[in-house]
Amino acid sequence: MIGARRPFGVLFRHFLGAFVDNDVIAPAGDLHGPLSKAVAMLALVGLLYPFKLLGTYGRPFWDYAALDAVSWNDKSTFVLISLVLTGLLTVIEWDALRLDRRDSLALGALPIRAATILRAKLAALGTFLLALSIPLTLLGGLTFPIIMHAGWRSGVRLAAATMAGHLVATLAAAWFAFFTLLAAQSLLQWLPGRRLAGRLAAVVQLAATLGLVVVLLVLPFIASKTAALKQASAGAGGLAPQMWFVGMYQVTAGQGDADWARLAARGWLALLVSALAGAGASLLAYRRALGSTLENVETAAGGWSPVIRLTGLVSRVIARDPAERGFFSFSVLTILRSPWHRLVMAACVGVALALAMVTLDAATLTRDGVGRVPMRVSHTLAMQWVVLAIVLSGVRVAAAVPAELRASWVLRMLETDQPRRWMAGFRSAVFVSLVAPAVALMAVAMAWQYGWHTIWTLSLAACLFAGAAFEVLFLGFGRVPFACPAEQEMGDARIRGPLMVALFTILVVPAAELITLGLRTGAGTAVVLASGLAAIALLRWRGQVAMASAGGLSFEPEYRGTQALDIQP
């Protein structure tokens, strides 16, 4: 019996450990610290949020129906938090959900039954799901029902029923998100050709990250529409997933009517279908992976991908120097293909998109709340700057993490005495792959508000700002992008970041007002262009001086504030 259990236990710990250490969470550096801080911050927010509601529920209520109606938005908020955060964490663990080819080749050659491998993998998935969903559920489930009934004269029984509804609904929402993403990931493995499946999986992961980040940031606006969605539950309102689980919340708590019962039935059906699809598709995908250990491994002999061909073509147009051209291609492919860097950029683009959506909705609404008016030009420019600053900050974070640390020796063999060429290629890659598409999309979004002259002048100002912001963010970076061990900021870098954010927040709108005034005339536009190019040139020169004084770009982290004493024994 012990011998039969031992392989299962070893495999279970191996598969469970893949959720902690994988190519996204630890791509070659200690990223557990920042991620632990982010999770702790989210947990703290979830724990303290119910106490913020004391002002809403602390007053006396004489009609429980009124108290229940007031709570709809908050119940929807907790359901959305559970659904979105579980989805985001599942997307982060995207590669750990599957039984990859490396595990199949390694385990398939061992005298271990396939059923033991499958049971260990499924047990690891179940443990991960419970460890993910239960803390998210308990954060608000133990406090919100009590706070909700603080103003009710006899709320013990009702608070207990609300607590049961909270636990059931938030757990169901979390499990629905997990099983849906698991089913999507597993079904993609059945596509013919590993290369096609890998590309589509990357697209699905990118789209899921982007969508979930946007939903998380506009969550209060979505939750505020709960009453309107309930009234439309027989039509389009019944298609909103969070409403299904709010209906489960209400029915379990004993406050369901016909609309809530209809939504709850859809929720239970969606949970059942997603669970069966996720478990069944993953089991079949695992069995297929174990049965493919003797297949020939696909190589690059079939030809380069269209992305590589397009990147090579653009690099020949953008850069003439071989070192610059090579680092351009390396940077673009890292941003597009590396799981960690793709995830970081998707999250930053999601933040920027959510901010732009909220700003456009608030700034273009008329005072009576019925019609729409064009946004002030200066506010549009400020919004563009904020979007670009968020995207470039994501590039700064991503560049500090290596694409594949064990392969950095390839870059070390190149011409390391030309750091300026390397940074030029990296700069061109960022602008071609991220800044230019962002500016173009924002120009298209402005087409319904302004004329062509305003659009191109605002796009010019946005590009100038992006050039200056890039130089500021990478001033003193001192490392080879995407090739150094990940490290946390130390010393004055921890102070400089928040200070820059504070100054940018204070000055962005006044600076946009000033630039907008200059862009109204041809002479003013020329002055803005000349001033912007001069500022970029000055910042770039300052960065090159700092790079030269440091001896070029480094492959190893250098910690400021430390001094070698050179003591001889």
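The legends below describe close-up views of a predicted model.

View 1. The largest nonpolar core holds 60 residues, of which Phe15, Phe178 and Phe245 touch the most other members. Helix α9, spanning residues 156-188, supplies the largest share of this core, with eleven residues.

**View 2. The stacked aromatic pair of Trp385 and Phe465.** A pair of aromatic rings is described by the distance of the centres and the angle of the planes. For Trp385 and Phe465 the centres lie 5.2 Å from each other and the planes make an angle of 15°, an arrangement that counts as stacked. Trp385 belongs to helix α18 (residues 377-399) and Phe465 to helix α21 (residues 452-473), so the pair ties together parts that are 80 residues apart in sequence. Both of these residues, Trp385 and Phe465, are buried.

**View 3. An aromatic cluster of four phenylalanines.** Phe426, Phe431, Phe470 and Phe474 form one aromatic cluster. Across the structure, the count of aromatic pairs comes to 14.

**View 4. The salt bridge between Glu471 and Arg427.** The structure holds eight salt bridges, and in this one the side chains of Glu471 and Arg427 meet with an N to O distance of 2.8 Å. Because Glu471 lies in helix α21 and Arg427 in helix α20, the contact ties together parts that are 44 residues apart in sequence. Both Glu471 and Arg427 are buried.

**View 5. The salt bridge between Glu324 and Arg421.** Here the side chains of Glu324 and Arg421 meet at 3.8 Å, N to O. Glu324 is part of helix α16 (residues 322-337), whereas Arg421 is part of helix α20 (residues 419-445), so the pair ties together parts that are 97 residues apart in sequence. Glu324 is buried, its relative accessible area being 12%, while Arg421, with a relative accessible area of 28%, is partly exposed.

**View 6. A network of salt bridges around Lys230 and Asp257.** Lys230, Asp257, Asp259 and Arg262 are linked in a network of salt bridges, in which the side chains of Asp257 and Lys230 meet at 3.0 Å, N to O. Asp257 sits in the loop between α13 (241-252) and α14 (258-290) and Lys230 in helix α12 (residues 226-231), so this pair ties together parts that are 27 residues apart in sequence. Asp257 is partly exposed, with a relative accessible area of 35%, whereas Lys230, at 8% relative accessibility, counts as buried because that value is under 20%.

Definitions and conventions. Residues numbered from 1 in each chain as written. Predicted model: local features only at pLDDT ≥ 70, side-chain atom pairs only at ≥ 80, totals over all residues. Heavy atoms only, no water. Core = buried A, V, L, I, M, F, W, Y, C linked by side-chain atoms within 4.5 Å. Buried < 20%, exposed > 50% of the residue type's maximum accessible area, 1.4 Å probe, protein only. Helix = DSSP H or I, 4+ residues; strand = E, 2+ residues; numbered from the N terminus. Phe/Tyr/Trp six-rings, centres within 6.5 Å; stacked < 30°, edge-to-face > 60°. Salt bridge = Lys/Arg side-chain N within 4 Å of Asp/Glu carboxyl O.
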